[in-house]
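Here's a quick tour of one chain, written for someone with the coordinates open. Have a look at the fold below, then read on.

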Amino acid sequence: MKNAEVVKKIALFRIKRLFQLAEERIKDNNVDSEELSKRYLRIAMEISRHYKVSMPLGIRERICKECGSLLTPGINCSVRSSGGFLIYKCTCGYITRRRYKRATSPQAVRAGSR
Ligand SMILES: [Zn+2]
């Protein structure tokens, strides 16, 4: 294994570990732990940018793009479903939509795309 591959592997490992820690902190459900969780995610994003490692999709879609907090239903975001989409609303007001139903026709795919 080349040196660059090892570096990227370690970076990815650290991103996953920081996400794990952020998840543990957000479940404590108080203001200080939420700030700490945001900080862990910020560090994970810096590692991702610095070592040019893409954030795993499962982690990327759980981070609010506005305030950087970890979207956790029941703690800092609400989830509702509408027209084949799950709509996540963060406490800061930012809204993200994720498709949960597969589109059947090509027209529906085009209409549903951003
Ligand atoms: Zn937010």
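## Starting in the sheet

Let's begin with S81, which sits opposite L86 in β2. Strands here are DSSP runs of E, at least two residues long, while helices are runs of H or I with at least four, and both are numbered from the N terminus. This is a predicted model, where local features need pLDDT of at least 70, side-chain atom pairs count only at pLDDT 80 or more, and totals for chains, interfaces and linings use all residues. Residue numbers run from 1 along each chain as its sequence is written.

A second pairing to look up is S78, whose bridge partner in β2 is K89. Altogether, β1 and β2 (residues 85-90) run antiparallel over six bridges; for two strands to pair, DSSP has to find at least two bridges between them. The β1-β2 hairpin has two residues between its strands, and G83 there adopts a positive phi near 55°.

Zooming out, the open sheet has three strands in the order β1-β2-β3, paired antiparallel. From one strand to the next, the twist averages 20°.

## The chain as a whole

The protein chain has four helices and three strands, and along the sequence they read α-α-α-β-β-β-α. Of its 114 residues, 18% count as buried. Buried means 20 or more other C-beta atoms within 10 Å of the residue's own, exposed means 12 or fewer, and partly exposed is in between, with C-beta atoms placed from the backbone.

As for contacts with a separation of 6 or more, 45% are between residues 24 or more positions apart. A contact needs the two C-beta atoms, placed from the backbone, to lie within 7 Å.

Helix α1 (residues 3-26) has 24 residues and spans 35 Å from first C-alpha to last, close to the expected 34 Å. That expectation is 1.5 Å times one less than the number of residues. I15, L18, F19, A22, R25 and I26 are buried in α1, and the helix's buried residues pack against α2 (31-50) and α3 (57-60).

How do α1 and α2 pack, in angle and axis distance? The angle is about 170° and the axes are 8 Å apart. Axes are lines fitted to C-alpha atoms, for helices over the stretch in contact, and angles run from 0 to 180 degrees between N-to-C directions.

The α1-α2 crossing is left-handed, as the term is used when the near helix is turned anticlockwise from the far one by less than a right angle (clockwise is right-handed). On the α1 side, the contact includes A11, R14 and L21; on the α2 side, L36, Y40, L41 and I47 are among the residues involved.

## Two loop residues

K52 lies in the loop between α2 and α3. With 10 other C-beta atoms within 10 Å, K52 is exposed. K8 is 44 residues away along the chain, yet the two C-alpha atoms are separated by 7.8 Å.

G93 and E66 are 27 residues apart in sequence and 8.6 Å apart in space, C-alpha to C-alpha.
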